[in-house]
Amino acid sequence: MTIHLLSADHRYQSLDEVARLSRVDNLGPKLMRALPYLRGAVVVRTCNRLAILVDAPSRLAGSGQSGSDVAPAVADDVRAVLAHCVELSLEQVHLRHLAGHQAHLDLFATAAGLESMVVGEREIAGQLRRAFHAAWEEDTLSCDLGRALEHASRTSRLVATQTGLASSGRSVVAVGLDLATQALQDAKLRPLKEVQVVLVGTGAYAGATVTALRELGATNVRVYSRSERAQLFAQGRGIGWVDEARLAQALDAADLVVTCRGLGSPVLTREIVQRVKTPLVILDLALQRDVEAAVADLAGISYIDLLSVQRAVPQAHGEQVRAAREIVAREVEVFERSLGARSMDPVVRRLRDHVDEVVGEEISRLRPVDGCISADDATRALRHLAARLIHNPTVMARKAGESGQQDAYLEALQLVLGMDASPSDTLTVSNKERNVFTCAL
């Protein structure tokens, strides 16, 4: 088993390119159907990232490839599926590819907010949880991917409590609202506590925006959504809501519009915006823009998009970042040791079955004899003997897994016992069967 991480994000690609690659629904199930050798797939989408985690075998059947030779083939296959889904050529799909240890490091650092546009932001933790649960519901979450995400989430909490990165309240939403506040002042509009705000969208970012606005003192907030979820969203947060019939009126009265719908088609077009009163500040937090580009050219409109937020992001404190990366490195080491130990579970089961079979054969030969030990007593004695015999090999198997010495252990086991106990890399059980484990995510 190897975990691969393929990503397009703000660090290496333009936000427009990331948005173009992010517009595929149900990407996890599509990958599993197209690449049946995958054990699992998890897709993480944020306002500036598409991350695809796949769990692939260490060897591809019939290819003769193993180890590092497999990684390029897995990456090419995933890119090919994504290219087909977004109707681009393979050459147009650029994904950064990491596998094994490097993938674990990047995943844990991403969960801790260290690879975010705003270093230390906490929104990524919720986005990872949603990706985890989506994969669970779609039956694409393998056991090892689940454990990796759970441990990455736990690492995120450690970074938050043991460093000062999360204490400053950094987030894309917070930086965006700082820019919007300055734009309100420049336009000589009312301060944020007094402005009328229209929020477009009802997703996770919309919820974070309401929370941030409330912390800044804004009280006159109304939400609009084409999905007809606006009323339920508003009632749950104590704000107003706007339906389609009242949208034009609400925009006309607004000082600030915040959009975070991100469904790929603009909800605010030039035609709509040019009819509203100005000055007006528009903050577009959607990766797939909610505001038509031509709106930025209209007189009296102050338009702030994710690129503006990216340019305005404050630098994180160097010492805090170093401390966070030390925590990440330590937790990745712990995770990989546990992963190595668990990789020997099939060996332990086979070893136990082997000894149990031998003991069973001996028990079948026993016959009760007057004056001698009973068959039941002999059975118990043999079972106890088997348990004692198997204890040390079991402990050593797990230690071999933790230290990366699985192959040496297997060779010794075959030499001593003459049994083939290689860990299976071609499991055929369903994902739901593989996913029976406790997760604190």
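**Cavities, a pocket and a helix pair**

1. The second largest cavity is lined by Leu 15, Asp 16, Asp 284, Ala 286, Leu 287, Arg 289, Asp 305, Leu 306 and Leu 307. Two elements, helix 1 (15-21) and helix 12 (306-312), each give two or more residues to this lining. The space in this second largest cavity comes to about 50 Å³, and its lining divides by class into five nonpolar and four charged residues, with no polar ones. Please keep in mind throughout that this is a predicted model.

2. The structure holds three cavities of 30 Å³ or more, and the largest cavity has a volume of about 80 Å³. Its lining consists of Leu 5, Ser 7, Asp 9, Arg 11, Val 44, Arg 49, Ala 51, Leu 53, Asp 106, Leu 107, Thr 110 and Leu 128. At least two of the lining residues of the largest cavity come from each of strand 1 (2-9), strand 3 (49-56) and helix 4 (101-111). Sorted by class, the lining of the largest cavity has six nonpolar, two polar and four charged residues.

3. Turning to open space, the second largest pocket contains about 1200 Å³. Its lining is made up of 39 residues, and those that lie nearest the centre of the pocket are Arg 45, Thr 46, Arg 261, Gly 262 and Leu 263. Helix 2 (27-34), strand 2 (40-46), helix 5 (123-137) and helix 8 each supply at least two residues of the lining, with strand 2 giving the most, namely six residues. By class, the lining of the second largest pocket has 18 nonpolar, 13 polar and eight charged residues.

4. Helix 8 (residues 204-215) also takes part in a packing with helix 7 (residues 172-186), where the two axes come within 10 Å and cross at roughly 55°. How are helix 7 and helix 8 placed relative to each other? Angles of 65 to 115 degrees count as roughly perpendicular and those under 35 degrees as roughly parallel, and helix 7 and helix 8 are therefore oblique to each other. The crossing of helix 7 and helix 8 is right-handed.

5. As for the residues behind that crossing, the contact is made by Val 172, Val 173 and Leu 177 on the side of helix 7, and by Tyr 205, Ala 208, Thr 209, Ala 212 and Leu 213 on the side of helix 8. By class, this contact of helix 7 with helix 8 has seven nonpolar residues and one polar residue, and no charged residues.

How values were computed
Residues numbered from 1 in each chain as written. Predicted model: local features only at pLDDT ≥ 70, side-chain atom pairs only at ≥ 80, totals over all residues. Heavy atoms only, no water. 1 Å grid on protein atoms, 1.4 Å probe; cavity = no way out; pocket = protein on both sides within 12 Å on 5 of 7 lines; lining within 4 Å. Points joined across faces, edges and corners; volume = space filled by probe spheres on them. Helix = DSSP H or I, 4+ residues; strand = E, 2+ residues; numbered from the N terminus. Nonpolar A, V, L, I, M, F, W, Y, C, P; charged D, E, K, R; others polar. Axes fitted to C-alpha atoms, helices over the stretch in contact; angles between N-to-C directions. Parallel < 35°, antiparallel > 145°, perpendicular 65-115°, else oblique. Left-handed = near helix turned anticlockwise from the far one by under 90°. Contact = heavy atoms within 4.5 Å.
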